Amino acid sequence: MKKALLLKTTLALALATPLLASAESQLVAGTGTATARLNLQVVIPGFIALKVGAGAILSNTNTVDLVNFVLTDPQASADGAIAATSGGVVPVALQSNIGNVNLSSAGAALTSGPDSIPLSRIAVASTGTLTHPAFGAAATTVNPTSGRIINRSGNWTYSYNHQGATAPVGAGTYTTQVTYTAVAP
């Protein structure tokens with residue numbers, strides 16, 4: 001008895017299953033027009049992509065570029081802006097499809113043993129459509145270039161405001177790392 005009931009239930013489900021997944025259809029007798037509709041859906045996830053340095057923007061790369069300032073003997077004892085010896089022009093890009101994005105930069109003073117140089121002595125000039133956010137300041141809002149799309153790029157050129165005559169620092173290699181962050185508000 002139970003076996004017969006199970007067989008009938010299985011057969012009923014097997015016959016009903018195509019009806020659960022059937023498409024819209026229309027049968028017209030004789031001449032006429034039959035129509036049927038189909039819904040289409042495309043799901044595009046939101047993203048934010050930020051590139052600071054060499055490489056492709058739409059990839060995950062763990063290479064951190066270096067902007068290097070090597071002062072000459074005359075520069076070490078004078079005041080003035082020092083151009084980077086290498087890596088001073090950094091290509092940057094920001095892409096997103098979610099609307100406004102907040103861009104910020106944070107970093108500590110450059111240190112060499114117990115000595116330090118304030119990060120505020122590093123200046124950054126921007127060219128292109130992506131402006132450098134001030135170090136340690138509130139995030140800068142980057143607005144979409146079209147609709148909710150952000151596609152901005154440019155170059156950030158770094159220089160060092162050395163104060164060798166008015167505020168000298170000890171000899172050494174001073175380092176820090178700046179972190180740039182792009183986030184949805």
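# Reading a predicted fold, step by step

Along the sequence, the protein chain runs α-β-α-β-β-β-β-β-β-β-β-β. The model is a predicted one.

User: How many helices and strands does the protein chain have?

Analyst: Two helices and ten strands. In sequence order, the pattern is α-β-α-β-β-β-β-β-β-β-β-β.

User: What share of the residues of the protein chain count as buried?

Analyst: The chain has 185 residues, and 21% of them count as buried.

User: Let us turn to empty space. How do I find a pocket?

Analyst: Start with the general idea. Rolling a probe the size of a water molecule over the atoms shows where empty space is left. Here, the largest pocket has a volume of about 1400 Å³. Its lining counts 42 residues, and those closest to its centre are Asp65, Leu66, Val67, Thr176 and Val178.

User: Next, aromatic rings. How do I describe a pair?

Analyst: A pair of aromatic rings is described by the distance of the centres and the angle of the planes. This structure holds two aromatic pairs. Take Phe69 and Tyr160. Their ring centres are 6.1 Å apart and their planes stand at 55°, so the pair is tilted.

User: Why does the pair of Phe69 and Tyr160 tie together parts that are apart in sequence?

Analyst: Phe69 lies in the loop between β1 and α2 (73-76), while Tyr160 is in strand β9, so the pair ties together parts 91 residues apart in sequence.

User: Is Tyr160 buried or exposed?

Analyst: Tyr160 is buried, because its relative accessible area is 6%, and buried means under 20%.

User: What about the pair of Trp156 and Tyr180?

Analyst: The ring centres of Trp156 and Tyr180 are 5.1 Å apart, with the planes at 40°, so this pair is tilted. The pair links distant parts of the chain. Trp156 is in strand β9 and Tyr180 in strand β10, 24 residues apart. Now check burial. Trp156 is buried, with a relative accessible area of 0%. Tyr180 is buried at 15%.

User: Now charges. What should I look for?

Analyst: Side chains of opposite charge can pair when their charged atoms come close. The structure holds one salt bridge. Arg37 forms a salt bridge with Glu24, and their closest N and O atoms are 3.0 Å apart.

User: Where do Arg37 and Glu24 lie?

Analyst: Arg37 lies in the loop between α1 (2-20) and β1, and so does Glu24. The pair ties together parts that are 13 residues apart in sequence. Arg37 counts as exposed, at 67% relative accessibility. Glu24 counts as partly exposed, at 38%.

User: Last topic: single residues. Which residues touch Val142, not counting those up to four places away in sequence?

Analyst: Val142 sits in strand β8 (residues 140-142). Val142 is buried, with a relative accessible area of 7%. It touches Leu94, Asn100, Val101, Leu103, Leu130, Ile150 and Arg152, with residues up to four places away in sequence not counted. Val142 and Ala182 are 40 residues apart in sequence, and their C-alpha atoms are 9.2 Å apart.

User: Where is Ala49 found?

Analyst: Ala49 is in strand β1. Ala49 is buried, with a relative accessible area of 7%. Leaving aside neighbours within four places in sequence, Ala49 contacts Ile57, Leu58, Ala93, Leu94 and Gln95. Ala49 and Asn151 are 102 residues apart in sequence, with their C-alpha atoms 9.6 Å apart.

User: How does Asp79 count by relative accessibility: buried, partly exposed or exposed?

Analyst: Asp79 counts as partly exposed, at 42%. Asp79 is found in strand β2 (residues 79-83). Neighbours within four places in sequence aside, Asp79 is in contact with His162, Gln163, Gly164, Ala165 and Thr166. The C-alpha atoms of Asp79 and Pro168 are separated by 9.1 Å, though the two residues are 89 residues apart along the chain.

Terms used
Residues are numbered from 1 along each chain as its sequence is written. This is a predicted model: local features need pLDDT of at least 70, side-chain atom pairs count only at pLDDT 80 or more; totals for chains, interfaces and linings use all residues. Side-chain values use heavy atoms; hydrogens and water are left out. On a 1 Å grid over the protein atoms alone, a cavity is a set of points where a 1.4 Å probe fits but cannot get out, and a pocket is an open set with protein on both sides within 12 Å along at least five of seven lines; lining residues have an atom within 4 Å of a point. Grid points are joined across faces, edges and corners, and a volume is the space filled by probe spheres set on the points. Rings of Phe, Tyr and Trp (its six-membered ring) pair if their centres lie within 6.5 Å; planes under 30 degrees apart count as stacked, over 60 as edge-to-face and the rest as tilted. Helices (H or I, at least four residues) and strands (E, at least two) are DSSP runs, numbered from the N terminus. Buried means under 20% relative accessible area, exposed over 50%, partly exposed in between (1.4 Å probe, protein chains only). A salt bridge is a side-chain nitrogen of Lys or Arg within 4 Å of a carboxyl oxygen of Asp or Glu. Contact means heavy atoms within 4.5 Å.
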